[in-house]
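Hello,

I am passing on the structure we talked about. Please look through it below; my notes follow.

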Amino acid sequence: MSVDLATRWRGVAAEDAEVITAPVNAMLRGRSRRLLSSLMRPHVRALLGATALIVGFDIASMAGPLMVQQAIDRGIPALTRHHDYWPLGLTVLGLVLAGAVQASTDYGFTYVTGRVGQDVLLDLRQRVFDHFQYLSIAFHERYTSGRVTSRLTSDVEAISDLLMDGLQVLAWAALTILTVAGILVWSDPVLAGVVFVAAPFVAVLARWFRRESVKAYRATRETIALVIVHFVESLGGIRAVQAFRREPRNQEIFAALNDAYRGATQRSIRLVAVFGPGVKAMGNATLAGVLLVGAIRVEHGRITVGVLAAFILYLRRFLDPILDLSQFYTLFQAAAAALEKLSGVLEEEPTVPEPTPGSATLLTSAQGRLDFDDVTFGYRDHPVLHHIDLHIPAGQTVALVGETGAGKTTLARLMSRFYDPTSGSVRLDGTDLRSIPRDVLRRHVVMVTQESFLFSRSVADNIRFGRPGATDEEVRRAATAVGAHQFILSMPGGYAASVGKRGSRLSAGQRQLISFARAFLADPEVLILDEATASLDIPSERLVQRALLTLLRDRTAVIIAHRLTTVEIADRVIVVSDGRVVEDGPPPELLSRPSRYRQLHQAWADSLV
Ligand SMILES: Nc1ncnc2c1ncn2[C@@H]1O[C@H](COP(=O)(O)OP(=O)(O)O)[C@@H](O)[C@H]1O
Ligand SMILES: [Mg+2]
């Protein structure tokens, strides 16, 4: 059913195909095991301590029925026949002591496992976040934000549930089942035999439950994943949704997904509803059998009443752990699926790897010369750039023009190493970008795009993003240089004013100016502007024109623009078509002969009148 759903909403669900293929079974795969053990390794001593505590707890909790047996067989007879308080007193004291030990070991165990659990989660969340940041743009293009969110929230939570509750339940239940079984056999093998008659029935029921709950669990995960993905995507694109009146359709889709999720959940609830009472019914039948056989054995003088009473009390303790183990199994499955996905992400390698320390070139001062040597590139297997040879001397201002889809943005992305070429090389001052550490490269090469991303912080913080250590004065100077100072002062709060979520309180042009100020502050040797002025109106663009001259002075600049006003300040124009450089020269020269650039220029000039 869920696979149907997944194919029906393929646009949404194909991204989350992992949900369908994620193995959910009783074993952890190699990489999940490696992740888990690397998370637990620092806590081995604490875990050994926790094990000792739980053993102590188990022993103390086993004392209860034994004390009851003592009280019935010795304490009460001594009291009623000889008025001797001592045996009963000792028994009561034993119970109190056992209670105290139980309480303190319980406290210790809960405290230790809780601390270890939280430490592990802290470590895991940090690792996942760091790794996501480190992974290349190519990864983030295919990994939806809904998936990133569920890695950091529900997956981490599933592991948390396992560590905080699951392990405790497992340790306690396994230990209890073993000790109780031992005690039952020791106190009366015949009665124990009666109990073990029920064992195969419980085993069959447990097997059925496990098999069905794997299926049910998988169905709930798949359906909830679809609910989340649809939720995140339709609210993430709320502007488009509302603009195109897509709400009713989205609502229908959501209602169907939501209903499928409810159905899947109901199925797993039904399983629990059958399993719990089933185990209890078998327990009660066993209890009746034990009572009957036990009474006969008391009559024949084989065992005392006290032994029978203790036996029944122990028997009751046999059931709870069996029920708890099935609960553990549910937690385990959730955590296993989460571990599988998290370890998958953590083993993901960046497609633009950092140079190895031995081969890294630090480039303490760069000039800003850029060279493309026979560069070919494609996204996945779709070729976009073909044999590009391009040499840009330091300090030159270059305009990249060409129709949409020609490959201009792709060239810019290769210059700033968001991708590596498939063959050939891109070099900065003669050094292959692949051997320049990322933070060094980011200091020298900065790319400003049309969608300048602002964070929901103050204006000053957003500008300071260009160089985190900058003083207020430097921030102000950068804003002044690009012509943003005026409008910033007119905002209530000035530089301290919040820009709102993603800069929503600013106009597109103002956001653009902020990102120019950011770039000015970063002061890179190579600055790439990809359609960076596209969201400005003509008068603002004129204003920005002046800002641009300041911004581009004394550095290598690559400008990609459709409006050719911006191109007029360039020393050199490069026309890109279909992934190739087709024209290259100073603007006056290209305009002086019949060239593609002249056509583009003509078309643009016509559009102005
Ligand atoms: N992230 C991407 N994944 C796959 N293909 C892409 C991606 N970005 C761009 N392309 C493709 O590469 C080609 C060049 O795109 P681009 O460099 O953005 O062109 P331009 O900036 O000149 O308009 C286009 O055919 C586009 O479909
Ligand atoms: Mg582009």
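Into which domains is the chain divided? There are two entries in the assignment: domain 1 covers 2-347, and domain 2 covers 370-608. Their centres, taken over C-alpha atoms, are separated by 55 Å. Please keep in mind that this is a predicted model.

The sheet

Four strands form an open sheet in the order S2-S1-S4-S5, and their pairing is antiparallel. Strand S2 (382-392) and strand S5 (431-432) are the edge strands, each pairing on one side only. Seven bridges join S2 to strand S1 (residues 370-379), again in the antiparallel sense. Phe377 has Leu385 of S2 opposite.

Helix H13 (residues 408-415) lies across S1, S2 and strand S4 (423-428). The helix runs at about 120° to S1.

The ligand

Which residues surround ligand 1? The shell consists of Glu141, Tyr379, His382, Val384, Gly402, Thr404, Gly405, Ala406, Gly407, Lys408, Thr409 and Thr410. S2 and H13 are the elements that give two or more residues to this shell. H13 gives the most, with three residues.

Regards

Terms used
Residues numbered from 1 in each chain as written. Chains lettered and ligands numbered in written order. Predicted model: local features only at pLDDT ≥ 70, side-chain atom pairs only at ≥ 80, totals over all residues. Pairing = 2+ DSSP bridges. Contact = placed C-beta atoms within 7 Å. Axes fitted to C-alpha atoms, helices over the stretch in contact; angles between N-to-C directions. Domains from an automatic or database assignment. Near = placed C-beta within 6 Å.
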